[in-house]
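This briefing is for a reader who is meeting the structure for the first time. Please look over the sequence and the model shown here before turning to the points that follow.

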Amino acid sequence: MFCYQCEQTYRSEEGAGCASAKGMCGKDAATADLQDILLHVCEGIGQYLTRARALSATDAEADRFILFAFFTTLTNVNFNAAKFVQLIQEAAQIRDRARALYEKAARDAAKLPETLHGPAAFVPAADMNGLLAQAGEAAVRKDAAILGDDVVGLRALVLYGLKGVCAYAHHARVLGEERDAIYAAVEHALDLLARNPKELGPLLDEALALGHANFAAMEALDAANTGAFGMPEPTNVRVTPIKGKAILVSGHDMKDLHAILEATKGTGVNVYTHGELLPAHSYPKLKAYPHLAGNYGGAWQDQQKEFAEFPGPIVMTSNCLIEPQPRYRGRIFTAGPVGWAGVRHIADEDFSQVVQAALALPGFTADAEEKRITVGFGRAAVLGVADKVIDAVKSGAIRHFFMIGGCDGAAPGRNYYSDFADATPDDTVILTLGCGKYRFNKHDFGTVGGLPRLLDMGQCNDAYSALVVATKLSEAFGVGVNELPLSLIVSWFEQKAAAVLLTLLALGVRNVRLGPTLPAFLTPALVDVLVGKFGVLPVGEAQADIDAALARAA
Amino acid sequence: MYKVNLLTRDGATIAFDAEPEETLLAAAERANIYPPSSCRQGGCGVCRVTAVSGDITLDAYSEAALSESARAAGETLLCCAHAQSDVTLHAPYDQQAVAFAPEPVRRATLVALEPAGASAMRLQLQYQDDPEHGRAAQFLAGQFAELELPGAGVKRAYSIASTPNWDGALEFLVRLQPQGAFSTYLRERAAPGDELIVHGPKGQFTLDDASLAPRWFVCGGTGLAPALSMLRQMAEFADARACRLFFGVNRVEEVFARDAIDALQAALPQLSVTLCVWKPESDWRGFTGTPAEAMAQALAGTTEQPDIYVCGPPALIDAVTRAAAGGAGRVFCEQFAPA
Ligand code: SF4
Ligand code: SF4
Ligand code: FES
């Protein structure tokens, strides 16, 4: 195996990348290789679908399959090798269907269909051992010796960015929001990757195109969530448990959470959110369920301890799963793209088994001391007080906005984000989203200009909201986003964050602080490009970075 | 107070403090750390680790738990050892094997018992609901539990034959020993409605879910119980991988659990079963010999590299390990504590 898609990838003197029997995340070599092959076959689907699309023929089912397949390969999503054998066979069938679609469209247009090579013609072996023997053809770094690390690294940026786009688009899709432009962009990127691109220029263009596609995906997701559950509103959420039977729902999927709230109606079972489902409490249609009792625990990397201590079943939707420990392996369920061999999977949104488990398990035997935090400062809430915000900025009450957003992780160096938040001056506002906030969201930041100093905008999935706010503020002040008193401090961990970064770059947002380390697939030369073209900065020391941001704004 | 560092096989460090007068096991448990142990008095060897630095004294223990040569090589027993300085220990297991909460002790009601062949009993238990654990039966397929007769001071370890469930049902297969205290209870006094205490679940003998190899189960007598649990779990998960069961008893009348095996074959169409009888009467049409011999024959006729799960008497485990030596497959077994 070789994988360097996430921030916790193995790093040594010789370079970075997980290349031994197991990655740092626990992904084993067979699963990693099978994931590569699955994406390779998806590239083949993309080759046919782009050409079919040019002839006005599309296959929405195939596009949806690609989103799901890519999502399964994100860090900490699916570790079940057997599932990938099955997905590869399914991908090959879909690819054959896409070929037929393209060939028919060509004939209908009185054109001679092209004979395609590479992934389009790849024949996956029928069994596991055969597939593993083919892994070399699909490996991320297969051409590194000939083409060098820059090309391979930029290809990886496109591939990993594409993973993020697919994940966001899948989230939106399950709630019924689809955008044809996103599918077209996904297919285009797959087709480009299938051609083994060797030039940096087209790859960089593709990365930025994916940034735009990701903006569309995040917009679709925002529409999906707000359409289904209403506009997030500031909400006080209990973060300590109450007595009673309990279910914990982790991940990012509001639809699954909704189905679980429905399934537990009238059963006396309380539902708690974990990790990135915290923002769910701010959606009117979700918080209307009185048994949506609160939020439990912190960010994903603490789950093994927290899940072990949770006295009821746990449902893991979407990302970020780590190896289920024996103490809770029997009562954790996966849903959607998530999977772990030997763990119960719910494929059909029927959560009745989980309810049964909750009733059979002890639940919390006593109320814990009440503690609450406020969430739900999505775009509607922030823009709802836009006048106040603008006045506060004009009067000097608010000097600066810091957007501290993105993923958390277990790696050292992540204290930077809590140090940063704690050190921000009292006349500044902290906007936050993603699970990185768990490092500081229970701190008391007080208020400024009549507003809470800490405004939680939601999930990593809610970066759209942040961008809308930035755009509206820049309109109100009549300046570009880069001239606003606003700094972005992005903590990345996995590929959704990579996609968000591409979006920021595509939209021309400069001076983004990225950390805690830079992506391992970005070579020094590629980093130079990002620094030169987009002003991307690695994180440094918290206080110095704050000073620099304030000095630049002054 | 001394510092103890227990380094697990997968590289984790588990640290706790120990007073010289308490055993290392007691010191760990005081810190809510529960390394594998069973008899807690130097009899079983389950708590064995290797001391790499520091001074340790040992209480009395049995040679079966720690041989002279093992002790000379630095091995020690957590349940008998006392720290006399800061100590570093190497554990022969992964961090996963260490629990961070006390082992559940729960009350259960005996709901049914019936003979299983000529020399074993099948027990069905039902956990009682309690505020700490609820009523669910949570364990990993293949684990065992210790059953205790209240008031009698008798505690015996048996593998669970059923799968984890939310109803709190547990099934055990118990071999009747001529003089055994628990066996005597089962033969003479046990009746539905009796209350038993269940300690556990315990044990590391569970499916390697990450492995994609075919699974072969080799069982002697009531060693069938964990295999039943694991195979039933595969059936519940609709696991399609190849699997075989080699199940052996000494005499034909000892064959039991035919109904359970038939049900498994219906639920797992890919399962192939070899029934083995060591000393059959003339009309036995199945395999004659031990399940280890049947497995060795099957191994000789295949290029497969199965994961072999073996459960039964030590001689069976030995025979299977020898037959599989040279890379024919990976062998998994429980180092059962003779209680
Ligand atoms: S996802 Fe991250 S930790 Fe896992 S194998 Fe890839 S680079 Fe390593
Ligand atoms: S913000 Fe990133 S790391 Fe955190 S849970 Fe979401 S995807 Fe995972
Ligand atoms: S627990 Fe230590 S020897 Fe048995």
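This is a predicted model: local features need pLDDT of at least 70, side-chain atom pairs count only at pLDDT 80 or more; totals for chains, interfaces and linings use all residues.

In the lining of the largest cavity, α1(A) gives the most, with four residues.

**Cavities**

- The count comes to 16 cavities of 30 Å³ or more, and the largest cavity holds about 200 Å³ of space.
- Among the 14 residues that line the largest cavity, those closest to its centre are A:Glu43, A:Ala139, A:Val140, A:Lys142 and A:Leu159.
- Two elements of chain A, α1 (29-54) and α7 (149-174), are the ones that give two or more residues to the lining of the largest cavity.
- Sorted by class, the lining of the largest cavity is made up of eight nonpolar, two polar and four charged residues.

- A:Glu187, which lies in helix α8 (residues 180-194) of chain A, counts as buried because its relative accessibility is 1%, where buried means under 20%.
- Once neighbours within four places in sequence are left aside, A:Glu187 is in contact with A:Gly46, A:Leu49, A:Thr50, A:Arg53 and A:Asp63.
- A:Arg453 belongs to the loop between β14 (451-452) and β15 (454-458) of chain A, and with a relative accessible area of 3% A:Arg453 is likewise buried.
- Leaving aside neighbours within four places in sequence, the residues in contact with A:Arg453 include A:Thr424, A:Pro425, A:Asp426, A:Phe445 and A:Val448.
- A:Gln543 is found in helix α21 (residues 542-553) of chain A and is partly exposed, with a relative accessible area of 35%.
- From C-alpha to C-alpha, A:Gln543 and A:Gly450 are 25 Å apart in space, while in sequence they are 93 residues apart.

**An annotated span of chain B**

- According to UniProt, in an unreviewed entry, the feature "domain: FAD-binding FR-type" is placed at residues 103-208 of chain B.
- In the model, residues 103-208 of chain B are 8% helix and 43% strand, and the end C-alpha atoms of this span lie 23 Å apart.

Conventions:
Residues are numbered from 1 along each chain as its sequence is written. Chains are lettered from A and ligands numbered from 1 in the order in which they are written. Side-chain values use heavy atoms; hydrogens and water are left out. Buried means under 20% relative accessible area, exposed over 50%, partly exposed in between (1.4 Å probe, protein chains only). Contact means heavy atoms within 4.5 Å. UniProt positions are given in the numbering used here, feature names are shortened, and annotations may be inferred rather than shown by experiment. On a 1 Å grid over the protein atoms alone, a cavity is a set of points where a 1.4 Å probe fits but cannot get out, and a pocket is an open set with protein on both sides within 12 Å along at least five of seven lines; lining residues have an atom within 4 Å of a point. Grid points are joined across faces, edges and corners, and a volume is the space filled by probe spheres set on the points. Ala, Val, Leu, Ile, Met, Phe, Trp, Tyr, Cys and Pro count as nonpolar, Asp, Glu, Lys and Arg as charged, and the others, Gly among them, as polar.
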